[in-house]
Amino acid sequence: MRYGETDMGLLDQIAGGLLGQGAQQDGLLGSVSQLINQQGGLSGLVEKFQQGGLGDVVASWVGTGANQPISADQLQQVLGSGPLADIAGKLGVSPDEVGGHLAQLLPQVVDKLTPNGSIEQGGLLDQGLNVLKSGLLGG
């Protein structure tokens, strides 16, 4: 099994009923995985949020408590407009629409990839496998 296939399976389970089914969901899920990897993995993404003044928000996603919400505007401030525009271009939707979906999806992805309240050593693949092994995602 290739790395990307495992990531997509994990992200498909996380997204579940959030986006519905179809090519747009698959494209957004693949984009989330790519976005995390482009930031240097989860630790790089967390650092980016901390540098952007949203360390408390991203810490809530990593921690075991409730996830604090984030807005599409806050995502754009932290990540920049480039990544959102790239994803929007691939999906054929507006950057605002992508920002809205990511604002719902990214906290859940980070939360599920950090079930013990910390970023596990290893890459996204290792973290995803740990989540699946723990049974937190159900079947």
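This note goes through a predicted model of one protein chain, point by point.

1. Basis of the note. The model is predicted, so local features need a pLDDT of at least 70, side-chain atom pairs count only at pLDDT 80 or more, and totals for chains, interfaces and linings use all residues. Residues are numbered from 1 along each chain as its sequence is written, and side-chain values use heavy atoms, with hydrogens and water left out.

2. Confidence. The protein chain averages a pLDDT (the predictor's confidence in each residue, from 0 to 100) of 77, and 68% of the residues score at least 70. A contact here means heavy atoms within 4.5 Å. Where pLDDT is low, the predicted coordinates should not be read in detail.

3. Overall make-up. The chain has eight helices and zero strands. Helices (H or I, at least four residues) and strands (E, at least two) are DSSP runs, numbered from the N terminus. Buried residues make up 37% of the 139 residues in the chain; buried means under 20% relative accessible area, exposed over 50% and partly exposed in between, with a 1.4 Å probe and protein chains only. Among contacts between residues at least 6 apart in sequence, 63% join residues at least 24 apart.

4. The nonpolar core. The largest such core has 29 residues. A nonpolar core is a set of buried Ala, Val, Leu, Ile, Met, Phe, Trp, Tyr and Cys residues joined through side-chain atoms within 4.5 Å. The residues with the most contacts inside this core are Phe 49, Trp 61, Ile 70, Leu 75, Leu 102 and Leu 106. Two or more residues each come from helix 2 (23-38), helix 3, helix 4 (55-62), helix 5, helix 6 (81-91) and helix 7 (95-113). Helix 7 gives the largest share, eight residues.

5. Helix 3 against helix 4. These two helices pack with their axes 7 Å apart, at an angle of about 150°. Axes are lines fitted to C-alpha atoms, for helices over the stretch in contact, and angles run from 0 to 180 degrees between N-to-C directions. The pair is therefore roughly antiparallel; angles under 35 degrees count as roughly parallel, over 145 as roughly antiparallel, 65 to 115 as roughly perpendicular and the rest as oblique. Val 46, Phe 49 and Gln 50 of helix 3 meet Gly 55, Val 58, Trp 61 and Val 62 of helix 4. This contact holds five nonpolar, two polar and no charged residues. Ala, Val, Leu, Ile, Met, Phe, Trp, Tyr, Cys and Pro count as nonpolar, Asp, Glu, Lys and Arg as charged, and the others, Gly among them, as polar.

6. Helix 3 against helix 5. The axes of helix 3 (residues 41-51) and helix 5 (residues 72-79) come within 9 Å and cross at roughly 105°, which means that helix 3 is roughly perpendicular to helix 5. Leu 45, Lys 48 and Phe 49 in helix 3 meet Leu 75, Val 78 and Leu 79 in helix 5. Five of the residues in this contact are nonpolar, none is polar and one is charged. Within helix 3, Gly 41, Leu 42, Gly 44, Leu 45, Val 46 and Phe 49 are buried. Just after helix 3, Gly 53 takes a positive phi of about 85°.

7. Helix 4. Six of its eight residues are buried, so helix 4 is largely enclosed by the rest of the structure. The buried residues are Gly 55, Val 57, Val 58, Ser 60, Trp 61 and Val 62, and what covers them includes helix 3 and helix 7. Beyond four places in sequence, Trp 61 touches Phe 49, Asn 67, Gln 68, Ile 70, Leu 106, Pro 107, Val 110, Asp 111 and Thr 114.

8. Gln 68. This residue is in the loop between helix 4 and helix 5 and is partly exposed, with a relative accessible area of 33%. Leaving aside neighbours within four places in sequence, Gln 68 is in contact with Asp 56, Val 57, Ser 60 and Trp 61.

9. Ser 33 lies in helix 2 and is buried, at 7% relative accessible area. Gln 34 is also found in helix 2, but counts as partly exposed at 35%.
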